Number of protein chains: 2
Amino acid sequence: MAKNVGILAMDIYFPLTCIQQEVLEAHDGASKGKYTIGLGQDCMAFCTEVEDVISMSLTVVTSLLEKYGVDPKQIGRLEVGSETVIDKSKSIKTFLMGIFEVYAEGPARPTGGAAAIAILIGPDAPISFESKVRGSHMAHVYDFYKPNLASEYPVVDGKLSQTCYLMALDSCYKQMCNKYEKLEGKQFSLSDADYFVFHSPYNKLVQKSFARLLYDDFLRNASSIDEAAKEKLGPFSTLSGDESYQSRDLEKVTQQLAKSLYNAKVQPTTLIPKQVGNMYTASLYAAFASLIHNKNSALAGKRVILFSYGSGSSATMFSLQLREGQHPFSLSNIANVMDVARKLKSRHEFPPDKFVETMHLMEHRYGAKDFVTSKDISLLSPGTYYLTEVDSMYRRFYAKKDGDSTTGTPCENGSLVNGQ
Amino acid sequence: MAKNVGILAMDIYFPLTCIQQEVLEAHDGASKGKYTIGLGQDCMAFCTEVEDVISMSLTVVTSLLEKYGVDPKQIGRLEVGSETVIDKSKSIKTFLMGIFEVYAEGPARPTGGAAAIAILIGPDAPISFESKVRGSHMAHVYDFYKPNLASEYPVVDGKLSQTCYLMALDSCYKQMCNKYEKLEGKQFSLSDADYFVFHSPYNKLVQKSFARLLYDDFLRNASSIDEAAKEKLGPFSTLSGDESYQSRDLEKVTQQLAKSLYNAKVQPTTLIPKQVGNMYTASLYAAFASLIHNKNSALAGKRVILFSYGSGSSATMFSLQLREGQHPFSLSNIANVMDVARKLKSRHEFPPDKFVETMHLMEHRYGAKDFVTSKDISLLSPGTYYLTEVDSMYRRFYAKKDGDSTTGTPCENGSLVNGQ
């Protein structure tokens, strides 16, 4: 039996094109702090016309394989998770096949953030799953959905969405605690994990979520809640579930009580989501990547709890055990390879008018066919895949920017098709 | 370790509304036999305005649980496969959550056929996977895809689609044979399995596919090919791969040589696909359901090879070992529960003008909001879920037709949302 199955390697890609939330606030005529404090966000990445969800996937998968020296033939199974549908039938995975067969080439779209993460799973991993410590929750809810297939925008019930998220969080946490207790014979509390990583559409929800777990610990009479905290939370002990999701007072008190614990156990996970924006499926792992970036080898011996959430809704909370591991599959090498600081520094900040102009072009292009892109790749890093053309049959063609992380010259992804 | 993990139980649902291919031929002004012989199809099921992919999933999952006496709490994992996207973000699975929590309620669309299959996987199964005997193939091809998100119709390159299918078939078969030979120390050929079941968009392709496997056996010098066959296939031994996919002569000769083997090993699997039409994801399992319907307990001790294919493309060939098993999870009870003969008999044949009228309404309704359906459920069986309304927020509501396979009264699926 394979042991310590888990994350062997990771890489993250986010577009180098971004806009500061502070600048966007001013441009949108929003009150100062509405985005930066109200949402807790610092900066937002977006794709220009030359990138999309397929190109980002191609970029990050290729990069992971190259940087860790992994032969594509060693990969037994490929899973692709994405919030964004480019084609209702043809899967993103099929676009990645070139990487695993003929080294062919490969797209990104903007909705408040964009990024792609590649993760290699295998035995003897530095980051292994505690497979028995987990909780899952699914419900049929209309919190965030995309029923208008011709539109790139979702239908969102913001308030409902937040409540659904917190309900799923409560449910997963309780289940996970129950399983832990059956397994270990003692109660689980916030004290039993070193870090908590959340699906992060915007940072404020992460703050609220961690505070919610503290309230859950209070209701469960867990050891993490001291006498002073118990006293402050006393007035909220009789709230119904629904009341507790709506209470501003409870939110305020729990966030205040959770503050120092938040700074220690959550804050190190928030860098990329705050700087890049909502990455949908990638967002949880971008938060985890932030933790590895910030703490590096110091994570050896630590337990990290992750909370994954998808609207509609489907959620899982699970536990990871970390150790340094062997090069190239070690915590410190994963941090080296992801190279988050350099990537954040090499971004290009757009002024609002240029950002809005780009968004208009993207809306116009959404679902369109028979066009070529500008092929302006001056803002992309070497090794990045980009969209060159969508032909009259809606077939998408990609090329790869030359540079040190690659050896070939740009070529068209469609060669496999045309060659048949 | 769990043993004999595989299919414990199955049920199939297809709309009771259908049109004869012969009638459609005449109505379309197509030459006689174009659909019935050219495609090998007999009849086509379609959804009227009251059914869709969600209602069909609700119907068949509920039916499986009830008919086999399975408590929803016993289900550890739910997988939903579908070719059809109703919402780009909210998954079909979330609509099924009511079944597993509060027994809430739930849709089907027409593109040359429609059906839903529910399959229960577990240990000590009458139908178990030979997990080491399989081959997989993925490629980046534009054979059949749905890039126009606002349209319910795909872009199809028919000729390319067929070639891609056959290439994937060759590749999977070769890999599977290699694995079998490593495992068993002897060559695999068509003689080593009792039945072959194919992804069945239309029956003619199934005929071609089985004939192709015979050609593969010839090229592999396998024992299934006798001297007379070798002589007839001799002239084709030097064809390039591409030539072999295009050769009409080869197709004719192999189909002729394969005829008696086809009648024994494939024909019993073709009933439902020929009678219902293209069921996309469900089509392979509908073919397998046909086999169980036709052969019942006589399948005990047999090996069945399945070939799964999805455009884009992604394919797997795998092997099943069958035994009678214990009631209710036995071959004969699965055949009883699926009750294919009665379901086929209770269908309503539409005349072409009424069929075309229904299709027009469905095109008009596609992606639409703010409407109620006729709620005419006279053509549905008791226990069938149906669409009642899509509100101004695109939220979909379903009810369940009263009858013996259910106890509750129709209620709205949205209650879970509204109740929060």
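**View 1. B:Cys18 is a buried residue of this predicted model.** With 1% relative accessibility, B:Cys18 counts as buried, a word used for under 20% relative accessible area with a 1.4 Å probe and protein chains only. Its closest cysteine sulfur is that of B:Cys43, at 3.7 Å, which is too far for a bond, since a disulfide is a pair of cysteine sulfur atoms within 2.5 Å. This is a predicted model in which local features need pLDDT of at least 70 and side-chain atom pairs count only at pLDDT 80 or more, whereas totals for chains, interfaces and linings use all residues. Side-chain values rest on heavy atoms, with hydrogens and water left out, residues are numbered from 1 along each chain as its sequence is written, and chains are lettered from A and ligands numbered from 1 in the order in which they are written.

**View 2. A:Cys43 is shown with A:Cys18.** The two sulfurs are 3.7 Å apart, too far for a bond, and A:Cys43 counts as buried at 1% relative accessibility. Over all chains, the structure holds zero disulfides.

**View 3. Three strands of chain B form an open sheet.** The order is β3-β2-β11, with mixed pairing, where two strands pair if DSSP finds at least two bridges between them and strands are DSSP runs (E, at least two residues) numbered from the N terminus. The edge strands β3 (43-45) and β11 (348-349) of chain B each pair on one side only. Strand β2 (residues 17-20) of chain B runs antiparallel to β3(B) and is joined to β3(B) by three bridges, and B:Ile19 stands opposite B:Met44 in β3(B).

How values were computed: Helices (H or I, at least four residues) and strands (E, at least two) are DSSP runs, numbered from the N terminus. Buried means under 20% relative accessible area, exposed over 50%, partly exposed in between (1.4 Å probe, protein chains only).
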